[in-house]
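Take a look at the structure below. Keep it open while you read, and find each residue as it comes up.

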Amino acid sequence: MPVFKAPFNGYSVKFSPFYESRLAVATAQNFGILGNGRIHVLELSPGGPGVTESIAFDTADAVYDVCWSESHDSVLIAAIGDGSVKIYDTALPPPSNPIRSFQEHAREVHSVDYNPTRRDSFVTASWDDTVKLWAMDRPASIRTFKEHAYCVYQAVWNPKHGDVFASASGDCTLRIWDVREPGSTMIIPAHDLEILSCDWNKYDDCVLATCSVDKTIKVWDVRSYRAPLAVLNGHGYAVRKVKFSPHRRNLIASCSYDMSVCLWDYMVEDALVGRYDHHTEFAVGIDMSVLVEGLMASTGWDELVYVWQQGMDPRAS
Amino acid sequence: MATHPQTHENPSISEATNEVQQGSETAKLESVFKNSEPIREDQIQNAIKFLSHPRVRGSPVIHRRSFLERKGLTKEEIDEAFRRVPDPSPSEQTAVTSQDGQQAVQGQIQAVQHAPAPVVMIPPPSLRSRFRWYHAVLAVGVLAASGAGTAVFVKRSLIPRLKSWVRKIMLEEESDPLEKADAKPSLAEEAVAAAKAASAAASDVARVSQEMMKTKSEERKNFEDLMQLLGVQVQEMKSLSNNIRYLERNSNNLPKVYSANQEVYSGLVKTPAERRPYANGSNIDYDSRSARSTSPPAPPADSSQPPHPKSYMDIMSMIQRGEKPSNIREINDMPPNPNQQLPNPRIAPKAKPWDYGQPPQDESSNGPWWQQKNPRSADFGYETTTARSIGIQNETSTTEPAAIQKQRSWVPPQPPPVVMPEAAEAIRRPKPQAKIDQEVVAAASDDQSGVSDELQKVTKFSESGGDGSGRLEITEIQEETEHQHIGQEGN
């Protein structure tokens, strides 16, 4: 299974929603503490297992997250450590990029997510405790959602309702928002420690998963949010990212500071259904392809990007 | 959202149909994303008790809200609790904003009482600026007071001195003619008079000097007081800024270990308060560890902390020492052309697999390597795959039968197998035809009907998809689709 070695520590990986063989990687120098960043666009070579870089963009500060536009096939959006949100056109050479840079967040931008239903807007989550709503063609943010009491680590759109998104924050709450409402519509105190990531169930629009520093993943139904549907234990350290499968209703992928990537089925008694230990440092980025069922990618602080099919060994060549 | 480029028309149509379909559900479904529970009075009472606590009164509003949110209160409950907690009076507010147990603050408060009201009424947000106000006002007040005091004392001492001098001169003048008249009478008297005068003068001088001393000491006292007050102010500011930092980065529940390390981190990294929440926030466990070690890390004493890469520790320690890692380049990542046009999309957006309402069937394993699946991967250790897929189909078929088929036109479900021939017979009997039609419709729309159980069952089979006995129907559909699938594949 292909491995890509980046010069910097990996932070996030995302498959393109247009091209099956394309993915973007966000990396940061010096573990993202202090230094430059780089965005890699990788192509899976059709001939044999292999991953090659097709284009890369350098940034002055760490790139914490990257996401592909759902409306323009060659456009990706990057969340930068200096608080800026930059838009890149992969069809243009690096000297002509970025095509936009929005400097509004007061602190590091930690995540960016594009609206998969309306396809015209995206949200960014930042350590300045706010979430901002943007459109690519507007010079400034459309709205700022300021309610969290601490860093917001991720904001994710609902896969069915184009106006609803969820945000996970270091203030230990998960908030559901509707862009038509002035404030958050639900506040779920999901964990006792910081919540690092959240994702919606693609097949049940009322279900979402959160993962936290407390090493657990919890699955929630917003209709009965006082208690979780499931609590998934098994990671040895903080769980960094959680992702619902685009193809299987109950399948969740997660990556953790225990260097592993795990697969879970939260409807089953023994929820852990797969475990991959291919990383040699913190595993911090994970994605499951929307176009190819079973295709997964992960990246970590060991500067490696793995792409593999579920069930295969990521390190097999 | 107002204008869509040309290529978006196709997807927008499908989006529109999606939305129309969703429209009916949207109204009731989107309400699930809101709290519909009534306000709980017991929670509000707890919140009021919490908010009335003096310690809580001193904390910023955002922290109080965050605490209540973590306890599970809804927004409405929190707002209600805030409304009910009585507004604190200005003096109480100033008393509380200072550090607990600082007595000097009490004296300060009295001095500040006369400060202009608007200053006191300003809500807590920036304690630091309020402090500057107080500081300035206090300093001015004290200086004015001491100035006035010295002026008064000086006046008090100067005027008597002047008076005494004048008196002395007058006395001398008076005594001179008197003495001239009594030139000789008594040298002794003269001497006595001189002595008296001398003693009077001396006592005057003594008195005046005493008063001078008094003034001086009073002035010194004033200045000392002023210095003390200034020192107290500085202490106040320091402790308040510490408090602010403490409260900023801390939540109420976190253990002491976490809070202790905030101090260590405050000096870290390129600017204070940058990167810190990440380093602290993403894993509470490893904070203390990374702050401590600068030499090659020993195995962590506390096993709950993830071991950090050695180079991570090196970089952290470098930054702690104030050094910048050498591999950082100066990069200009601003847009070279800020008015660069967005590219024309070359491909129309693709529909998502979940837009069809159910997970897709297994794709073929032909094609590039990344599509080829390990036969094991389909199972994955799932023992109940088939049951689950049926379950999934059961659920979705009740909601959107039109969405069951993907990438194919909708195929109407097969007629149910004849399970109860008598019932089938009964249906086809012409006599109660109208009634049966009605009942069929009734059974279709909801579960109640006045017909016999058999009829009910049969119509249930055909209309709804639920229950175990519906499996037959579902599998038939599955077979049907599989046939179609294979048929399409053959093309």
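How many salt bridges are there between chain A and chain B? The count is seven. Keep in mind that this is a predicted model. Over all chains, a search of the whole structure finds 31 salt bridges.

Now look at the interface itself. The size of an interface is often given as the accessible area lost when the parts come together. Here chain A and chain B bury about 9,600 Å² between them. Carbon and sulfur atoms hold 57% of that buried area. Polar contacts cross the interface too: 21 residue pairs of chain A and chain B meet this way.

Start with A:Lys86 and B:Asp333, whose side chains meet at 3.8 Å, N to O. A:Lys86 sits in strand E8 (residues 84-89) of chain A. B:Asp333 sits in the loop between helix H14 (310-321) and helix H15 (375-379) of chain B, so the pair joins two chains. Are these two residues buried or exposed? Both A:Lys86 and B:Asp333 are buried.

A second bridge between the chains pairs B:Glu69 with A:Arg175. The distance from N to O is 2.3 Å.

Other bridges stay inside chain A. The side chains of A:Asp163 and A:Arg118 form one, at 2.8 Å from N to O. Its partners come from distant parts of the chain, 45 residues apart. A:Asp163 lies in the loop between strand E14 (152-157) and strand E15 (164-169). A:Arg118 lies in the loop between strand E10 (109-114) and strand E11 (122-126). A:Asp163 and A:Arg118 are both buried. Elsewhere, salt bridges that share partners build one network from A:Glu147, A:Asp171, A:Arg175, B:Glu69 and B:Lys75.

A:Arg107 and A:Glu108 make another bridge, at 3.4 Å from N to O. Why does A:Glu108 count as buried? Buried means under 20% relative accessible area. A:Glu108 has 1% relative accessibility, so this residue counts as buried.

Now move to A:Asn36. Find this residue in the loop between strand E3 (22-28) and strand E4 (37-44) of chain A. A:Asn36 is buried, with a relative accessible area of 2%. What does the side chain of A:Asn36 reach at 3.1 Å? The backbone oxygen of A:Ala60. The side chain also reaches into chain B: the backbone nitrogen of B:Arg329 is at 2.8 Å. Leaving aside neighbours within four places in sequence, A:Asn36 is in contact with residues including A:Phe8, A:Thr59, B:Asn327 and B:Ile331.

The loop between E3 and E4 also holds A:Phe31. The phi of A:Phe31 is near 60 degrees, a positive value in a residue other than glycine. A:Phe31 is buried, with a relative accessible area of 5%.

A:Met259 has a positive phi as well, of about 70 degrees, although A:Met259 is not a glycine. Look for A:Met259 in the loop between strand E23 (251-256) and strand E24 (261-265) of chain A. With 22% relative accessibility, A:Met259 counts as partly exposed.

One more backbone detail belongs to chain A. A cis peptide bond, with omega about 0 degrees, joins A:Asn97 and A:Pro98. A:Pro98 is in the loop between E8 and strand E9 (100-103).

Finally, turn to chain B. Chain B has 20 helices and zero strands. Of its 491 residues, 32% count as buried. Chain B exposes about 30,700 Å², and carbon and sulfur atoms supply 57% of that area. Take the contacts in chain B with a separation of 6 or more: residues 24 or more positions apart account for 60% of them.

Which residues form a nonpolar patch on the surface? B:Val154, B:Leu158 and B:Ile159 do, with about 220 Å² of accessible area together. B:Leu158 lies in helix H9 (residues 127-181) of chain B. B:Leu158 is partly exposed, with a relative accessible area of 39%.

Key: Residues numbered from 1 in each chain as written. Chains lettered and ligands numbered in written order. Predicted model: local features only at pLDDT ≥ 70, side-chain atom pairs only at ≥ 80, totals over all residues. Heavy atoms only, no water. Patch = residues over 30% accessible without salt bridge, like charges linked within 9 Å, V, L, I, M, F, W, Y side chains within 5 Å. Areas by Shrake-Rupley, 256 points an atom, 1.4 Å probe, with all protein chains shown as cover. Salt bridge = Lys/Arg side-chain N within 4 Å of Asp/Glu carboxyl O. Helix = DSSP H or I, 4+ residues; strand = E, 2+ residues; numbered from the N terminus. Buried < 20%, exposed > 50% of the residue type's maximum accessible area, 1.4 Å probe, protein only. Buried area = accessible area lost by both parts, 1.4 Å probe. Polar contact = N/O pair within 3.5 Å; in protein donor to acceptor, adjacent residues only side chain to side chain. Contact = heavy atoms within 4.5 Å.
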